[in-house]
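Let's take a walk through this fold together. Have the sequence and the 3D view open side by side.

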Amino acid sequence: MTDALKRLSDEGVAIWLDDLSRKRITSGNLAELIDEQHVVGVTTNPSIFQKAISSGDGYEQQLEDLAARKVTVEEAIRMITTVDVRDAADILRPVFDATEGQDGRVSIEVDPRLAHDTKATVAEAKQLAWLVDRPNTLIKIPATKAGLPAITEVIGKGISVNVTLIFSLERYREVMDAYLAGLEKAKAAGLDLSKIHSVASFFVSRVDTEIDKRIDALGTDEAKAARGKAGLANARLAYEAYEEVFSSDRWVALDKAHANKQRPLWASTGVKDKAYKDTLYVDDLVAPGTVNTMPEATLEASADHGQITGNTIAGTYEQSRAEIEAVEKLGIAYDDVVQLLEDEGVEKFEAAWNDLLKSTEAELKRLAPSEG
C-alpha cells in the first residue's frame, strides 16, 4: 500500500467519497476512511441512496416507524436520507472545523424531478438545509438552465451548494457566474460571505464513454487515436476557466469581503473502460484547490497503486484544446455530446429516484401495521 492518497492531499486535492449508506456510518467505516484514507468529504446522489436503501441494511427500524406513522413515500425518503446525511456530517464535523468549513462536507441533492423548475428547486434546497440542520451540508442543485437562477438564489440566502451534472465548458462558466451573482446578493443582504461555500461538480468519465462510443462507430485508425482523451481535456480546460474567473476583478471585490472560491470537483471519476488505468481520472487531474470525489473502488485503487507526480493540469491547456478539436474534426460535435450527457444525467437520477420511491413504498406497505 503506497500513500498516494496523502500525496494527492498534499498537492491540494480534497479527497471525497462518492458513496454513503447507513451501514457505512454505523459500522465505523466512514470514520475509518477519514482516519486512514485522507477522506475529507462525502457526496451522495439519488442512485447512491437507491442502492443503499434498497439493500435494506440498517433501515428496517426506521421504515417500520415511518410505516406506523402512515407517512407518504416522499416524506419517508426525505426522513431516511436526511438522517444519513446528518449522521455523516456529524462524523465529518472535526474535519469541517479544522479546515474552517472548506471540507468535512456532505452533499444531498434536491429531488431530481425538479431539475427544470427554478422555484421548486429553491424551495426544496431551503427545506433540505433546514431538515439536515448541519453547517457542513452542501445542497446539490443540477446545472440545468433552470438550475442556474436557483443556484444564485440559494447562495444568496447563505446556503452552501454543490452544483452537479456539469459537462460543458460553457455551462461551467454559467455556473461560476451564478455563484458569483449569489455571493453578490448575499453581500448586499449583509450575510457573512466567509460562511458560504460551493463546489462545481464537473463530470469526467461519462464524456469519454459517449465520445469513445462515437469514435468506435467510425472505426478508423485516425478516430481510434482520439480515444480516452476528451474527458481529461474537457476537465483540464474547466480548470483553466476556473483560474480565469477566480482571478477576475469581479472575484477580487468578493475576495475582499472574505468570500470563498467555488472549487472545481471532479465527479464521475470511476473508469468505465477497462482499457484505461483505473486511476486515470485521479492521477491525471491533480491541481491545487480541487476536489476529487471517488467511488470506493477508485479510492482503493488510488491508495494501492495511484501515481501522484505533482500537478498534472498545469501546462496542458494547449494540448487539451487540440484534443477537443481532434474529436470535432472527426465529425463528433462537442456541443451535441455535452447536451446529451446533461439530459441523460437528469434522466438517470430521475429514474433512480423513481426506483427508490417504488421500493420504499413497497417496504412501507409490507411493514404497515394491520388494521384493528
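**Starting from the barrel**

Eight strands close into a barrel here, running in the order β1-β2-β3-β4-β5-β6-β7-β8 with parallel pairing. Going from one strand to the next, the twist averages 30 degrees. Keep in mind that this is a predicted model.

For a look at one pair, pick β4 (residues 137–142) and β5 (residues 161–166): these two run parallel and are joined over four bridges. Within the pair, K140 sits opposite N162 of β5. Helix α7 (residues 118–132) packs on the sheet, where it touches β3 (105–109) as well as β4, and its direction makes about 160 degrees with that of β4.

Now on to helix α6, residues 73–98. Look along α6 for a kink of about 50 degrees at L92, shortly before the proline P94. After α6 comes E100, which has a positive phi, near 55 degrees.

Last stop: a helix pair. Packed helices are described by the angle between their axes and the distance between those axes. Helix α4 (residues 46–55) and helix α17 (residues 334–367) pack at about 25 degrees, their axes 8 Å apart. Angles under 35 degrees count as roughly parallel, so α4 is roughly parallel to α17. Their crossing is left-handed. On the α4 side, the contact is made by P46, S47, F49, Q50, I53 and S54; α17 brings F349, A352, W353, D355, L356, S359 and T360.

Methods: Residues are numbered from 1 along each chain as its sequence is written. This is a predicted model: local features need pLDDT of at least 70, side-chain atom pairs count only at pLDDT 80 or more; totals for chains, interfaces and linings use all residues. Side-chain values use heavy atoms; hydrogens and water are left out. Two strands pair if DSSP finds at least two bridges between them. Axes are lines fitted to C-alpha atoms, for helices over the stretch in contact, and angles run from 0 to 180 degrees between N-to-C directions. Contact means heavy atoms within 4.5 Å. The bend at a residue is the angle between axes fitted to the seven residues ending there and the seven starting there. Angles under 35 degrees count as roughly parallel, over 145 as roughly antiparallel, 65 to 115 as roughly perpendicular and the rest as oblique. A crossing is left-handed if the near helix is turned anticlockwise from the far one by less than a right angle, and right-handed if clockwise.
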